[in-house]
Amino acid sequence: MQDIASTVMQALDRAGFVQVEISAKHVHLSVADMEKLFGAGATMTPKRALSQPGQFLSEQRVSLIGPNGTKFSNVALLGPARSHTQVELSKSDCFALGVTAPIRDSGDLAGSGQITIEGPQGTITVPDCTIIAKRHIHVPPKVAEAHGFKDKQAVCVELITDRPVILKDVLLRVSDKYSYRMHIDFDEANGADVSGFTLGRILK
């Protein structure tokens with residue numbers, strides 16, 4: 001069965017389709033901030049592997065507190081640890097928390113939003129850490145070569161749903177560290193009625 005599924009996905013890849021995943025609000029922590037929130041020497045405990053190689057959902061969770069005092073509890077923490085703490089929210093999340101955050105590619109944090117993060121052993125307020133993640137596709141080099149994709153290229157993608165939507169300015173990120181997946185946030189997913197297994201068709 002796994003071989004059949006792999007063959008089907010390879011055929012869809014060749015036809016210009018990509019699997020679409022919804023990225024809910026989540027937090028990436030640096031080692032230093034992990035220890036401030038969970039105690040000295042604390043590390044993340046993997047709960048479930050994510051689609052991107054080496055990435056995982058942690059057993060640990062955090063709370064986010066916005067400038068207006070609104071608190072989101074039980075927010076997902078993704079591992080492994082990063083060099084800089086990064087919080088990814090949807091526009092709706094930002095409105096609820098009172099956070100001003102730019103639409104950015106992951107890791108582009110200069111001048112981004114500030115937020116307070118709470119853990120069981122401490123609370124920290126982190127400047128330049130909060131973004132609305134730019135919709136993007138993780139592309140392995142073999143797929144990029146087959147379709148003529150370039151790193152940082154912008155494409156349009158039609159979401160194949162009962163409420164089809166064409167998303168423009170979708171960022172392609174090419175790396176041999178990636179599995180072929182498209183990531184959108186809940187606002188974008190709700191607008192297109194995305195649920196369960198969903199495909200996007202890359203338009204040229």
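Two strands count as paired if DSSP finds at least two bridges between them, and strands (E, at least two residues) and helices (H or I, at least four) are DSSP runs numbered from the N terminus.

**Entry: ground rules.** I am working on a predicted model, in which local features need pLDDT of at least 70 and side-chain atom pairs count only at pLDDT 80 or more, while totals for chains, interfaces and linings use all residues. I number residues from 1 along each chain as its sequence is written, and my side-chain values use heavy atoms, with hydrogens and water left out.

**Entry: the barrel.** I looked up the strand order and found a closed barrel of 6 strands that runs S1-S13-S10-S12-S11-S14, with mixed pairing. Neighbouring strands of this sheet are turned by 40° against each other on average, direction ignored, where axes are lines fitted to C-alpha atoms (for helices over the stretch in contact) and angles run from 0 to 180 degrees between N-to-C directions. I then followed S10 to strand S12 (residues 165-174), and noted that the two run parallel and are joined by 4 bridges. Which residue of S12 is the bridge partner of Val139? I found Val174 in that place.

**Entry: salt bridges.** How many salt bridges does the structure hold? I noted 9 of them, a salt bridge being a side-chain nitrogen of Lys or Arg within 4 Å of a carboxyl oxygen of Asp or Glu. For burial I use relative accessible area, with buried under 20%, exposed over 50% and partly exposed in between (1.4 Å probe, protein chains only).

One of the salt bridges joins the side chains of Arg104 and Asp108 at 3.6 Å, N to O; Arg104 counts as buried at 18% relative accessibility, whereas Asp108 is partly exposed at 39%.

I next looked at Asp105 and Lys152, whose side chains meet at 3.0 Å, N to O. Asp105 lies in the loop between strand S7 (103-104) and strand S8 (113-119), and Lys152 in the loop between helix H4 (141-147) and strand S11 (154-160), so this pair ties together parts that are 47 residues apart in sequence. Asp105 is buried at 15%, but Lys152 is exposed at 51%.

The side chains of Glu188 and Arg135 also form a salt bridge, at 2.8 Å, N to O. Because Glu188 lies in helix H5 (residues 186-191) and Arg135 in the loop between strand S9 (122-133) and strand S10 (136-139), the pair ties together parts 53 residues apart in sequence. I recorded Glu188 as buried at 18% and Arg135 as partly exposed at 23%. Finally, I noted that salt bridges with shared partners join Asp105, Lys152 and Arg173 into one network.
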